[in-house]
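I opened the coordinates and kept notes in the order I looked things up. The entries follow.

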Amino acid sequence: MAHAKAARRASAAPGTPGARSVRAVGPAGNPVSVDGGGPLSHTTVLLHEAVDAVLTSPEGCYVDGTFGRGGHSRLLLERLAPAGRLIAIDRDPQAVVYARADAALSADPRFQIEHAAFAELPALLAARGVAAIDGLLLDLGVSSPQIDDPARGFSFRFTGPLDMRMDTTRGESAAAFLARATEQEIAEVIRDYGEERFAPAIARAIVARQAEGPPLTTTAELSALVARSVRTREAGQDPATRTFQALRIFVNAELAQLEQVLEAALALLKPGGRLVVISFHSLEDRIVKTFIARHSREVFDRRAPFAPPAALRLHALARLRASPAEVAANPRSRSAILRVAERTAVGALA
Ligand SMILES: C[S@@+](CC[C@H](N)C(=O)[O-])C[C@H]1O[C@@H](n2cnc3c(N)ncnc32)[C@H](O)[C@@H]1O
């Protein structure tokens, strides 16, 4: 039955919601493409591992904070009972349009999709009368349909406008930032978010270029300029990789978003509720790791040696990487780190 349905979906035109791959419910470790594996499809990373980790009660209320093309959401819905509920959000309007156009998702009374950034989760849930949740799943970063669409400006591999906003309805594009920022501001962004040792030289070149000609408006112009400014190259890596990562993180305030949603999760998760985060680079993972450690480890306070130990609000449960089979099938999973923590009852709402 599930296979017949999947086969019907797979025969739909690539890029349409009905075109999901038959591998959407494959066994753990198998890559799962949504959109039928076409040029703008997304292969979900750590699909079964993340869903197994977040779902504790089939009747529970869950949030998928990064819907993307819905790989994790679909498997969660398969595992949820009729009384279960899944609220999915994405800050990219195209992801929301995609979810709303999906007949199966739209017809499912347990599912809801909202256009929002996950830092807005407390207000979004409060407006829907949801005080506490059983699990929050975050699969950070950008989806393949975003990176692979030249019009979004995320990739140095394609020529497109230098945009990089996940939410194209608000905020400042990368081009607008580079046009108004000082050399020092640009250097700090590239150094701090790209961990790029040539950040000062790249910033100098960008500012000189803006001073002498029309503003930088395309990905191709920026990547050519970075290639001229970076003296050595890392094996197997385009010289513009770190600069593009830095600008994307900055334009989307990705690290601030993450810090805010982690704090919100502490307040929203029920006792026994799970926080599951998949990160793709060290800056993100460091924030998740430090946050979980801060709330799950007893810290000896030298200033108050006889005080009772601080009450712990999380238990750290797991840290996982993609299996060699998944990495071989989907190279994007190579850098993924999944962390799982469980909310204790200390100070929890329900
Ligand atoms: C890696 S993809 C998620 C893929 C998804 N798990 C799937 O299987 O299709 C990340 C998605 O999260 C969204 N996103 C990233 N940061 C966000 C934020 N702060 N708030 C809401 N959505 C965000 C992106 O727009 C993108 O669609």
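**Entry 1: strand β7.** I am working from a predicted model. I began with strand β7, residues 269-279, and checked its burial. Nine of the 11 residues in β7 are buried, so I put the strand down as mostly covered. The cut-off I used for buried is 20 or more other C-beta atoms within 10 Å.

I then looked up what pairs with β7. On strand β6 (residues 133-139) I found six bridges to β7, and the two run parallel. Within that pairing, Leu136 sits opposite Leu275 of β7. Strand β9 (residues 337-343) also pairs with β7 over six bridges, here in the antiparallel sense. There I noted Ile278 opposite Leu338 of β9.

**Entry 2: Ser279.** I stayed in strand β7 and picked out Ser279. Is Ser279 buried or exposed? I counted 22 other C-beta atoms within 10 Å of Ser279, so Ser279 is buried. Setting aside neighbours within four places in sequence, I listed its contacts as Leu140, Glu284, Asp285, Val288 and Ile337. I also took the C-alpha separation between Ser279 and Asp139, which is 6.6 Å for two residues 140 apart along the chain.

**Entry 3: the sheet.** Seven strands make up an open sheet with mixed pairing, in the order β5-β4-β3-β6-β7-β9-β8. At the edges I found β5 (111-115) and β8, each of which pairs on one side only. I get an average twist of 15° from one strand to the next. For my own reference, strands of a sheet pair through backbone hydrogen bonds, either parallel or antiparallel.

At the β8 end, I counted seven bridges between β8 and β9, which run antiparallel. At the β5 end, I noted helix α4 (residues 93-101) lying across β4 and β5. Helix α4 runs at about 155° to β5.

**Entry 4: the ligand shell.** Which residues are closest to the ligand? I found 23 residues around the ligand, the closest being Thr44, Thr66, Gly68, Gly71 and Asp92. The elements that supply two or more residues to this shell are β2 (42-44), α3 (71-79) and β4 (85-90). I sorted the shell by residue class and got seven nonpolar, 11 polar and five charged.

**Entry 5: α9 against α12.** I next looked at helix α9 (residues 183-194) where it packs on α12. Their axes are 8 Å apart and the angle is about 100°. Angles of 65 to 115 degrees count as roughly perpendicular, and α9 and α12 are therefore roughly perpendicular to each other. From α9, I listed Val189, Ile190, Tyr193 and Gly194 at the contact. They meet Arg242, Thr243, Gln245, Ala246, Leu247, Ile249 and Phe250 of α12. By class, the residues of this contact are seven nonpolar, three polar and one charged.

Entry 6: I checked two loop residues for backbone phi. Met164 is not a glycine, yet its phi is positive at about 75°. I placed Met164 in the loop between α7 (144-147) and α8 (174-180). Met164 has 26 other C-beta atoms within 10 Å, so I recorded Met164 as buried.

Ala253 also has a positive phi, near 45°. I found Ala253 in the loop between α12 (241-251) and α13 (254-268). Because Ala253 has 14 other C-beta atoms within 10 Å, I recorded Ala253 as partly exposed.

**Entry 7: Val299.** I went to the loop between α14 (282-296) and β8 (314-321), where Val299 is placed. How many other C-beta atoms lie within 10 Å of Val299? I counted 10, so Val299 is exposed.

**Entry 8: whole chain.** The protein chain has 15 helices and nine strands. I get 44% of its 350 residues as buried. Of the contacts between residues at least 6 apart in sequence, 64% join residues at least 24 apart.

Notes. Residues numbered from 1 in each chain as written. Predicted model: local features only at pLDDT ≥ 70, side-chain atom pairs only at ≥ 80, totals over all residues. Helix = DSSP H or I, 4+ residues; strand = E, 2+ residues; numbered from the N terminus. Buried ≥ 20, exposed ≤ 12 C-beta atoms within 10 Å, placed from the backbone. Contact = placed C-beta atoms within 7 Å. Pairing = 2+ DSSP bridges. Near = placed C-beta within 6 Å. Nonpolar A, V, L, I, M, F, W, Y, C, P; charged D, E, K, R; others polar. Axes fitted to C-alpha atoms, helices over the stretch in contact; angles between N-to-C directions. Parallel < 35°, antiparallel > 145°, perpendicular 65-115°, else oblique.
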